[in-house]
Amino acid sequence: MPILATEEKGSTNYMIAYYILKHADELQDATTSSLALACNVSMASISRFCKYIGLDDFYTLKHLIKTNQRIEAPKIDGCKDLFSNFRYSLTQLENNIKNHDLKQLISDIHASSHVVLMGTPETFGPIISLQQNLSTLGKIVTVCIQPQIQEACLLNAKENDTIICFSRESDYLRQVITQPNRMNRPDKPTIYLITLKASTVPTYIDYTYELGLKSPFVFGVYTEVIYEEYRKYIKMN
């Protein structure tokens, strides 16, 4: 989806992304050559596309699609159960937030001259919303969407920069960064990871905030919490 939103319509990456999204259920028997033929591009273009979105190859992409297709949404019997689930998730999130050092996060957002928001596709909506909300308070932050740009940003960020990453899984940055040894430099930026489940976390991440829930919808709630805390911070200071 980010590629469709940022690439020119008719570009090679756009055509590949459009076809994959439209035919995701049919790709398990596909090969690099058959996908290239369907998209009217070269096999090399398919390989470059996979690298462009941070994957090793087309077969990694097929595995990713298959994995996500196995994730089934819970069956909800009408609006009553839907809102009941929302209330439960919000209560759990409220309890989990008590263990997060939001004061430090808000202080770093305010003090840093260069704040970058990045994450995985399911977090792009909340990320963009947070960027827009912070701008209304006079805080301009950058958003990085494409994996290659995210890696460049992480590798080139300075000591006084703050990078906030949103991801369903805590190993997200391991997939983005191809040169992890460069992240252990003394002048690296302050890195926050906000994730649904924290398991294996790279040592170069300074703060990990686990939301403890399965549904990505809580990212939207959490970014609203960050905005409200930042609004109160600047009002008091």
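## Aromatic pairing and helix packing

At 0% relative accessibility, Y192 counts as buried. This is a predicted model.

**Aromatic pairs**

The structure holds five aromatic pairs. One of them joins Y192 and Y207: the ring centres are 4.6 Å apart and the planes meet at 15°, so this pair is stacked. The cut-off for stacking is an angle under 30 degrees.

Where do Y192 and Y207 lie? Y192 sits in strand 4 (residues 190-197), and Y207 sits in strand 5 (residues 207-210). The pair therefore ties together parts that are 15 residues apart in sequence.

Y207 has 27% relative accessibility, so it counts as partly exposed. Y192, in contrast, is buried. The table sets out the two residues.

| Residue | Relative accessibility | Class |
|---|---|---|
| Y192 | 0% | buried |
| Y207 | 27% | partly exposed |

Y209 also takes part. Ring pairs link Y209 with Y192 and Y207 into a cluster.

**Helix 2 against helix 4**

Two packed helices are described by the angle between their axes and by the distance between those axes. Helix 2 covers residues 12-22, and helix 4 covers residues 43-52. They pack at an angle of about 80°, and their axes are 10 Å apart. Helix 2 is therefore roughly perpendicular to helix 4.

Which residues meet in this contact? Helix 2 supplies T12, N13, I16, A17 and I20. Helix 4 supplies S45, I46, F49 and Y52. By class, the contact has six nonpolar residues and three polar ones. It has no charged residues.

Notes
Residues are numbered from 1 along each chain as its sequence is written. This is a predicted model: local features need pLDDT of at least 70, side-chain atom pairs count only at pLDDT 80 or more; totals for chains, interfaces and linings use all residues. Side-chain values use heavy atoms; hydrogens and water are left out. Rings of Phe, Tyr and Trp (its six-membered ring) pair if their centres lie within 6.5 Å; planes under 30 degrees apart count as stacked, over 60 as edge-to-face and the rest as tilted. Helices (H or I, at least four residues) and strands (E, at least two) are DSSP runs, numbered from the N terminus. Buried means under 20% relative accessible area, exposed over 50%, partly exposed in between (1.4 Å probe, protein chains only). Axes are lines fitted to C-alpha atoms, for helices over the stretch in contact, and angles run from 0 to 180 degrees between N-to-C directions. Angles under 35 degrees count as roughly parallel, over 145 as roughly antiparallel, 65 to 115 as roughly perpendicular and the rest as oblique. Contact means heavy atoms within 4.5 Å. Ala, Val, Leu, Ile, Met, Phe, Trp, Tyr, Cys and Pro count as nonpolar, Asp, Glu, Lys and Arg as charged, and the others, Gly among them, as polar.
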